[in-house]
Amino acid sequence: MEDDYKEIIELLTPRRDIKASEGLRDKVRESLDRHRRKRMARRFLLGGISLSAVAALLLLVLMPAGVTAKEVLRGAMDALRNSESLEMIVEIRTRPIENFRYIDVGEDFVTHRIRVATADSLSRWRIDKGERIAVGNGRDIYTWMPSLHLGWHMDSGETDNVLGYLANILTPYRILEAELENCINDSKAEYKAVKTGDEIILTVHAYPQGNFDNPYMFNTSVEESESVRRYVVDAYSRRLKSVSVSVMAGKHEVEVLRVASIDYASQEREICGLDAGVVFLEIEEQPAGVSGLSAEEAASTVLNAFTDWDEGILDEVMMRELADAAYREKFRGSRPISIGRSFRSGNSNSVFVPYTLELRDSTLQRHNMALQKSGSGGWIVVGGL
């Protein structure tokens, strides 16, 4: 078994001595300092894998006739090293303004344009789906909604929280690592790899992660669904050719994500530019929240504050800029009708509270307010409005 580990680790060892530029050294030092300062930052409003630990599993689950796990891993790593930039078109069943994790089997496909560029071992990327955009430069992430001229800034450690499953797509070789980690953490996942002609097809049948005693969050993300994920790798170049993700709706598969095209020869360009006029909020500068209340009482407090738009209360549960841009016009003057019993669903830290709200025009809104605890222990609103 130790020899297997050594073999995998050897594959990951660079074939040449890579010396970091002084600029890269400065970026790394700055990133480390930032991580120390922001270690306790919350992960709200976003509605390294040990290869030695998975080495044995690699050799067990990727053993189709005529191709070994060693070959697949080497090819995937080499494809990454040889491709400094790439562009992809990814189609996802979602809503244009929703967060990047969100899927909905009842929605139409929304086009996501993804660009990735790697230099000095740092990856820069951009994902644009029209009404929501995110960019990362290896140190920072910015995500924003152009129509609201509002966005958030955070450090690069939040990539998975911002993008969910799409974080794997940014670096195609990472799919193997991520799927193998999923296999370790989810013993029920089923893996199958076969070589057909010029292609290697990896199929993963995975089960939903989280608690679904209440099914509210079921099938709202790839991770929170029973999914069938198919990856097609070129048998010669070992480059990823296509990805398809389907969700099981009853006994039927519904495709919710597909990589329509991958261009490994895209031209280098500036991809991390930010839209002018967007106000970026610091994600760690969250409000304190309302304390000493149950989730139901916190939700009632928020909804009642909408009636007179009580900023003294609202500032405690959401950022002022977000409240003004997204909620003020819709909810000011509304009146709460009912509050239901709180529940949990899925794999997030949120508590959901059902409510019915009468808006100014007398229409009723029924939804589930999503609440989380802030760093100081108070309830803050993170969704469901």
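Helix 8 (residues 295-307) lies across strand 13, strand 14, strand 15 (364-373) and strand 16, and runs at about 165° to strand 13. Helices (H or I, at least four residues) and strands (E, at least two) are DSSP runs numbered from the N terminus; contact means heavy atoms within 4.5 Å, while axes are lines fitted to C-alpha atoms, for helices over the stretch in contact, with angles running from 0 to 180 degrees between N-to-C directions. The model is a predicted one, in which local features need pLDDT of at least 70 and side-chain atom pairs count only at pLDDT 80 or more, whereas totals for chains, interfaces and linings use all residues. Residues are numbered from 1 along each chain as its sequence is written, and side-chain values use heavy atoms, with hydrogens and water left out.

The four strands form an open sheet in the order 13-14-15-16 with antiparallel pairing, two strands being counted as paired if DSSP finds at least two bridges between them. Strand 13 (335-339) and strand 16 (379-383) stand at the edges with a single partner strand each, so one side of each is left without a neighbour in the sheet. From one strand to the next, the twist averages 45°. Strand 13 and strand 14 (residues 351-358) pair in the antiparallel sense over four bridges, and leucine 357 in strand 14 is the bridge partner of proline 336.

In the protein chain, which has ten helices and 16 strands, buried residues make up 47% of the 385 residues; buried means under 20% relative accessible area, exposed over 50%, and partly exposed in between (1.4 Å probe, protein chains only). Strand 6 (residues 150-155) has six of its six residues buried, so it is largely enclosed by the rest of the structure. Leu150, Trp152 and Met154 point one way from strand 6, and Gly151, His153 and Asp155 point the other way.

Strand 6 pairs with strand 5 (residues 140-145) in the antiparallel sense over six bridges, with isoleucine 141 opposite methionine 154. The hairpin of strand 5 and strand 6 has four residues between the strands, and histidine 149 takes a positive phi near 55° there. With strand 12 (residues 279-282), strand 6 pairs in the parallel sense over four bridges, and histidine 153 stands opposite glutamate 282.

## Salt bridges

A search of the whole structure finds twelve salt bridges, each defined as a side-chain nitrogen of Lys or Arg within 4 Å of a carboxyl oxygen of Asp or Glu. Glutamate 199 and lysine 241 meet in one of them, at 2.8 Å from N to O. This pair links distant parts of the chain, since glutamate 199 lies in strand 8 (residues 199-206) and lysine 241 in strand 10 (residues 240-249), 42 residues apart. Glutamate 199 is partly exposed at 26% relative accessible area, and lysine 241 is partly exposed at 37%.

Aspartate 104 forms a salt bridge with arginine 95, with the closest N and O atoms 3.8 Å apart; aspartate 104 is buried at 19% relative accessible area, whereas arginine 95 is partly exposed at 33%. Arginine 320 and glutamate 311 also meet in a salt bridge, at 3.4 Å from N to O. Salt bridges that share partners join Glu311, Asp315, Arg320, Asp324 and Arg328 into one network.
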